[in-house]
Amino acid sequence: QVQLVESGGGLVQTGGSLKLSCVLLGRTFSAVGWFRQAPGKEREFVAARGSMTVYADSVKGRFTISRDNANNTVYLQMNSLKPEDTAVYYCAARRGDFPHTGLQYYDFWGQGTQVTVSS
């Protein structure tokens, strides 16, 4: 059974940092991504890693996606956080190796972890 388990969310002040983790259970995946959903907004792409690494313009230079294949874990290092980064962050994985930015391409999702950035 495939499970994606996120952790690492929390409350942080503007300019602070957080590191999210996502453990991939049940199988290995070539492409993984992070998405986020703020209250009243649609879920949006943040970053993905597969045959290449892709970032949303809003997080480029501040966030870094990485993975530890030995432990089947994906990370999202978030620096210089802003109040507009406040959202529930979701880990996602797909069977193919291309790191798509669209939600519809991802086959498995985690339960989400809350990130709140105070001003």
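**Reading the model, feature by feature**

Guide: The structure holds one disulfide. Please bear in mind throughout that the model is predicted.

Visitor: Which residues form the disulfide, and how far apart are their sulfur atoms?

Guide: A disulfide is a covalent bond between the sulfur atoms of two cysteines. Here the partners are Cys22 and Cys91, with their sulfur atoms 2.2 Å apart. The two cysteines belong to distant parts of the chain: Cys22 lies in strand β3 and Cys91 in strand β9, 69 residues apart.

Visitor: Is this disulfide left-handed or right-handed?

Guide: The torsion about the S-S bond of Cys22 and Cys91 decides the matter; at about -80°, it makes the disulfide left-handed.

Visitor: Is Cys22 buried or exposed, and what of Cys91?

Guide: The cut-off for burial is a relative accessible area under 20%. Cys22 has 0% relative accessibility and therefore counts as buried. Cys91 likewise counts as buried, at 0% relative accessibility.

Visitor: Which residues touch the most other members of the largest nonpolar core?

Guide: In soluble globular proteins, nonpolar side chains tend to be buried together. The largest nonpolar core of this model has 32 residues, and those touching the most other members are Leu24, Trp34, Val46, Phe63, Leu76, Met78 and Tyr89. At least two residues of this core come from each of β3 (18-25), β4 (31-37), β5 (44-49), β7 (63-68), β8 (73-78), β9 (87-94) and β11 (113-118). The largest share, five residues, is supplied by β9.

Visitor: With what is Leu24 in contact, leaving aside its neighbours within four places in sequence?

Guide: With those neighbours left aside, the contacts of Leu24 are Gln3, Leu4, Phe29, Val32, Arg67, Asn72, Val74 and Cys91.

Visitor: How many bridges join β3 to β8, and over how many do β7 and β8 pair?

Guide: β3 and β8 run antiparallel and are joined by six bridges. The antiparallel pairing of β7 and β8 also extends over six bridges. Ile65, in turn, stands opposite Leu76 in β8. β7 and β8 form a hairpin with four residues between them, and Asn72 in the turn has a positive phi of about 50°.

Visitor: How many residues of β8 are buried?

Guide: Five of the six are buried, so β8 is largely enclosed by the rest of the structure.

Visitor: How many residues of β4 are buried, and how many bridges join β4 to β9?

Guide: β4 is mostly covered, with six of its seven residues buried. Seven bridges join β4 to β9, and the two strands run antiparallel; in β9, Val88 is the bridge partner of Gln37. β4 also pairs with β5 in the antiparallel sense, over five bridges, and Trp34 stands opposite Ala47 in β5. β4 and β5 form a hairpin with six residues between them, where Gly40 in the turn has a positive phi of about 75°.

Visitor: Finally, how many aromatic pairs does a search of the whole structure find?

Guide: A pair of aromatic rings is described by the distance of the centres and the angle of the planes. The search finds five aromatic pairs. In one of them, the rings of Phe35 and Phe45 have centres 5.7 Å apart and planes at 75°, so the pair is edge-to-face. Phe35 in strand β4 and Phe45 in strand β5 are 10 residues apart, and both are buried. The rings of Phe35 and Trp109 have centres 5.0 Å apart and planes at 55°, so that pair is tilted. Because Phe35 lies in strand β4 and Trp109 in strand β10 (residues 108-109), the pair ties together parts 74 residues apart in sequence.

Visitor: Is Trp109 buried, partly exposed or exposed?

Guide: Trp109 counts as partly exposed, at 28% relative accessibility, whereas Phe35 is buried, with a relative accessible area of 0%. Together with Phe45 and Tyr106, these two residues form one aromatic cluster.

Note on methods:
Residues are numbered from 1 along each chain as its sequence is written. This is a predicted model: local features need pLDDT of at least 70, side-chain atom pairs count only at pLDDT 80 or more; totals for chains, interfaces and linings use all residues. Side-chain values use heavy atoms; hydrogens and water are left out. A nonpolar core is a set of buried Ala, Val, Leu, Ile, Met, Phe, Trp, Tyr and Cys residues joined through side-chain atoms within 4.5 Å. Buried means under 20% relative accessible area, exposed over 50%, partly exposed in between (1.4 Å probe, protein chains only). Contact means heavy atoms within 4.5 Å. Two strands pair if DSSP finds at least two bridges between them. A disulfide is a pair of cysteine sulfur atoms within 2.5 Å. Rings of Phe, Tyr and Trp (its six-membered ring) pair if their centres lie within 6.5 Å; planes under 30 degrees apart count as stacked, over 60 as edge-to-face and the rest as tilted.
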